[in-house]
Amino acid sequence: MIMAKIGINISTGSLQKAEMIVGIDLGTTNSLVSIIHPETGKPVALKEFNTSSLVPSIVHFGEHGDIVIGEEARQYLESDPQRTIFSAKRLMGKSYNDIKENESFFSYKVIDDDADRLVKVQVDNKFYSPIELSSFILKELKKRAEHILKTPVNKAVITVPAYFNDAQRQATRDAGKLAGLDVLRIVNEPTAASLAYGIGLNKEEEKTIAVYDLGGGTFDISVLRIAGGIFEVLSTNGDTYLGGDDFDKAIVQYWLTQYGITTEELVNNKQLVQALRLRAEEAKKQLSSHDSFEANWNGEQLKISRATFEELIRPLVDKTIASCKNALKDAGLAADEIDTIVMVGGSTRVPAVKNAVSAFFGKPVHDEVNPDEVVALGAGIQADILAGNNKDFLLLDITPLSLGIETMGGLMDVLIPRNAKIPTKAGRQYTTQKDGQGSMRIAVYQGERDLVGDNRKLAEFNLTGIPAMPAGLPKVEVSFLINADGILMVKAKELRSGVEQEIEVKPQYGLTDNEVEKMLLESITHAQSDMQTRALVEARTEAEQILDVTEKFLSKNAALVSSEELAQTNTAIQSLREALASEDKDLIHKKVEELNEISRPFAERAMDEAVSGALKGKKI
Ligand code: ADP
Ligand code: MG
């Protein structure tokens, strides 16, 4: 055990220099770090004596360029909203277009001058990307961890929501890099939570679990299948704008009406509003273990009972249950097919939430591990696995949409189908369309439609330096590799000459859940017409190829063909050209076959590799 070799006693702080891999939960509301305790072998969340392990994911920029993070930054939420950045995680890998309908949520300036590019946040005259903002939080976590462990911390595992796409995962990785951390693995939050419960650590075990994660501002439900130490995400659902903050708001609202406080009174006193919000959160937390709450605020005696609170939040809790239903539906499972329900996120401490979830699934929920820390603890376990203690573990995710490349006629040729488990790889051979073609454009798309124009382009590059060869002769192998973090590498290699090119696909910005859903829906509604279009495009492509090859053959090898054959061929060519002008794929096929019938012996006669080569294989 590498971890055990690092002789650090975190209670006494006795140090020994060695490499440390930490697990980090980079949350929307709170972030924290965990490690495997060198003595107990159990994961622990790092904290300074007498403080909380949670670091609020908030960055405050002072007027004079000073930056504070965490609890200290939180004090400025109401009093200095334009310089206090919270929920940066929501902006990761997003463009302004992605978030514009929720813009009012952000009390700071999210710039919109180029709606398609990645968003930036403006503070005074400076611009910060969400990656930089997250890196400030990670830097702070790194600093704290180093202070507690008294050893450098340079390597980490960071968790992300299961629905995070490539761009968002990449952004998280980049934030780590910027903070001086080598991010060894990006792990799904529900996977980490399961690990913290020890689920999946036994290879024999097969289980279907639901992870219910209600944090400060987001709700996620994930259904996972765990078998042979492999975690597979069967479905995810949730609400990116629903969480414990909404519980606080409901209490504030209740008090405002209950005590006749008008909002005008508060408009000009941010400090007062801040105090009221904090009181509401305090009340909520107390009501998780008490029947009532009472406190003083601005000379007013504020009260709320647990029963009232439960009534206030019922619609919100019901919404989460509706999401659970949808997640089960997507996974094709009934509630009683879920073996274990794991509770994650500070807001699952609310008894009414626990009861509702337990009632829905028809069994008790697991909440023994601290719900604020459970994700970080799992990340710590994963870090330990990466440190070499559990080598044969593999964490699997799935690709939300199919990945492929554009082939002739604008068709989508899928290399990795939707829902493929990752890590995964796939490869296929392609050839050139024209004689002497020296380069080949490889355009990578994501989506379910048959025409690339209807899908989303991820990247494009040119494989250059292909030596001059007749059309159809080069063999270009295109391979896709998705690593365990969900990052796609695309490689193209011309096998005869060995020229190759490789790119890492980093999309400009990611797709929102809604977009993924929309793309899937469209692929279903358009399935019929897509199939017809594809068949027609394929028929046309094939026809153009055979026309090209035949005409080329005739112009070069007229001597090998009798005049009778020539006349026959020309007639067949003519009628194929006429068929091509139509939308009738069957007619095109028929005419292709007729021309094929006549020209096949030519190819044999000439033994021209270019001809036979061109008659098979897809072309880009
Ligand atoms: P995130 O995953 O979004 O970073 P957390 O899991 O840290 O968030 O959850 C934070 C939320 O949990 C906050 O809204 C906080 O008020 C709430 N919370 C923390 N403790 C309690 C408690 N004892 N009772 C109810 N809510 C709580
Ligand atoms: Mg969380």
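Modeller: We shall begin with the conventions, then turn to the whole protein, the ligand and one residue.

Modeller: This is a predicted model, in which local features need pLDDT of at least 70, side-chain atom pairs count only at pLDDT 80 or more, and totals for chains, interfaces and linings use all residues. Residues are numbered from 1 along each chain as its sequence is written, chains are lettered from A and ligands numbered from 1 in the order in which they are written, and side-chain values use heavy atoms, with hydrogens and water left out.

Colleague: How many helices and strands does the protein have?

Modeller: Helices (H or I, at least four residues) and strands (E, at least two) are DSSP runs, numbered from the N terminus. Here there are 17 helices and 29 strands. Of the 620 residues, 52% count as buried, where buried means under 20% relative accessible area, exposed over 50%, and partly exposed in between (1.4 Å probe, protein chains only).

Colleague: Which residues are closest to ligand 1?

Modeller: A residue is near a molecule if one of its heavy atoms lies within 4 Å of it. By that rule 17 residues surround ligand 1, the closest being Thr29, Asn30, Glu281, Lys284 and Ser288. The shell comprises one nonpolar, eleven polar and five charged residues; Ala, Val, Leu, Ile, Met, Phe, Trp, Tyr, Cys and Pro count as nonpolar, Asp, Glu, Lys and Arg as charged, and the others, Gly among them, as polar.

Colleague: Which polar contacts does ligand 1 make?

Modeller: A polar contact is a pair of N or O atoms within 3.5 Å. Among them, a polar side-chain atom of Glu281 lies 2.6 Å from an oxygen atom of the ligand, and an N or O atom in the side chain of Ser288 is 2.7 Å from a ligand nitrogen atom. Gly346 uses a backbone N or O atom, 3.0 Å from an oxygen atom of ligand 1. The protein covers 90% of the 580 Å² of accessible area that ligand 1 has on its own (Shrake-Rupley method, 1.4 Å probe).

Colleague: Is Ser305 buried or partly exposed?

Modeller: Ser305, in strand E17 (residues 300-305), has 25% relative accessibility and therefore counts as partly exposed. Its C-alpha atom is 4.2 Å from that of Ser292, 13 residues apart along the chain.

Methods: Polar contact = N/O pair within 3.5 Å; in protein donor to acceptor, adjacent residues only side chain to side chain.
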